[in-house]
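This report covers the pocket, the cavity and selected salt bridges of one model. The sequence and structure come first.

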Amino acid sequence: MRALTYFAAVVEEGSVSRAALRLRIAQPALSLHILNLERDLDTELLHRTARGVTATESGARLYAHARDILARIAQAKEDVRGHAASAVGEVVLAMTQSVAKTLALPVFQQAMSAFPGVALRLSESNTGHIPTLLRQRQIDLGITFKAQNDPAIQETPLVEEDLYLVSPAALPSGAPGDTIAFRQAARLPLVLPGRPHSLRELINDYARKNRLALDTVGEVDAVPQLKDFVAAGIGHTILTLASVRAELADGRLSARRIVEPVISRRVILCRSSEVPPTRAALAVADVIVETTRRLIDDALWPGRFVGSHNKAL
């Protein structure tokens with residue numbers, strides 16, 4: 001158990017020193033544990049370089065087993081403790097930067113208050129990578145924008161968000177006020193994320209369905225840089241309203257809701273269905289659903305709540 005826990009931490013951190021800090025043990029002791037594990041298995045598990053460590057082919061195989069074994073042991077412990085036990089243990093939650101900007105802080109605060117025995121670790125990740133992290137047991141919960149249609153992943157829809165054309169603060173002469181038809185937006189110079197970014201795929205799907213060609217003048221994957229490009233007058237972009245609330249408030253950007261058709265996306269809470277969730281993971285999932293509902297009710301997250309008012313997942 002200890003050896004697998006230590007090894008998994010080193011692989012996830014990509015560094016023995018960072019893993020030692022996370023595990024709160026001395027770095028030489030951690031290195032010795034890994035060396036002993038390699039001796040026991042008679043194979044090299046890590047590639048060691050000046051920049052850190054990466055798993056070898058054998059190490060990657062062991063890591064997959066380790067995540068599965070550790071998850072099942074955690075579940076076994078909870079079953080033995082009984083249903084009256086409090087939620088305790090670590091929960092790793094991955095979400096995109098755009099969702100984290102709205103959801104991360106209130107979820108963390110609520111989880112700390114309601115479940116002091118839960119150690120919540122937030123991880124930022126591309127939405128396309130989150131399902132893989134779930135399958136590999138690297139995370140307990142993830143928030144994505146695309147239904148997976150995968151029996152190995154259980155999904156709970158949270159929010160439906162409309163997309164907006166985001167422009168420099170001064171709207172072009174003669175432009176409509178708070179809405180713009182998609183056919184008009186498509187003709188404007190656009191700076192969009194590159195494929196296979198989930199937002200770009202969604203916009204492309206709508207363009208194909210409506211037989212429209214997008215005038216894409218540049219591709220930028222990171223949302224903060226997208227907004228900087230628009231503020232600098234390079235072009236327009238397409239984002240959710242939650243992504244630009246601060247810039248709208250300070251007058252850096254303007255936004256018009258896209259209509260004819262309305263373009264919307266769903267925010268989805270996911271977990272692996274191959275391993276029963278821990279009580280701690282279920283508790284955090286409930287916090288996410290309740291916090292999302294509250295943010296929407298308080299107009300702090302522009303969108304429509306589509307989650308269940310019952311327990312999550």
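The largest pocket holds about 950 Å³ of space. Elements that each give two or more residues to its lining are α1 (2–13), α2 (16–23), α4 (57–81), β3 (89–95), β4 (118–124), β12 (264–272) and α11 (279–297). The model is predicted: local features need pLDDT of at least 70, side-chain atom pairs count only at pLDDT 80 or more, and totals for chains, interfaces and linings use all residues. Residues are numbered from 1 along each chain as its sequence is written, and side-chain values use heavy atoms, with hydrogens and water left out.

Pockets and cavities are found on a 1 Å grid over the protein atoms alone: a 1.4 Å probe fits in a cavity but cannot get out, while a pocket is an open set with protein on both sides within 12 Å along at least five of seven lines, and lining residues have an atom within 4 Å of a point. Volumes are the space filled by probe spheres set on points joined across faces, edges and corners. Helices (H or I, at least four residues) and strands (E, at least two) are DSSP runs, numbered from the N terminus.

Of the 32 residues that line the largest pocket, R67, L70, A74, G89 and E90 lie nearest its centre. Helix α4 gives the most to this lining, with seven residues.

There is one cavity of 30 Å³ or more, and the largest cavity has about 40 Å³ of space. Its lining consists of S98, V99, T102, E161, T240, A242, S243, R265 and W301; α5 gives the most, with three residues.

The structure holds 24 salt bridges (a side-chain nitrogen of Lys or Arg within 4 Å of a carboxyl oxygen of Asp or Glu). Three of them are tabulated.

| Salt bridge | N to O distance |
|---|---|
| E12 and R22 | 2.7 Å |
| R200 and E219 | 3.0 Å |
| R252 and D228 | 3.3 Å |

E12 and R22 also belong to a network of salt bridges that includes R67 and E90. Because E12 lies in helix α1 and R22 in helix α2, their bridge ties together parts that are 10 residues apart in sequence.

Residues are called buried under 20% relative accessible area, exposed over 50%, and partly exposed in between (1.4 Å probe, protein chains only). R200 is buried, at 8% relative accessibility, whereas E219 is exposed, at 51%. R252 is partly exposed at 33%, and D228 is partly exposed at 39%.
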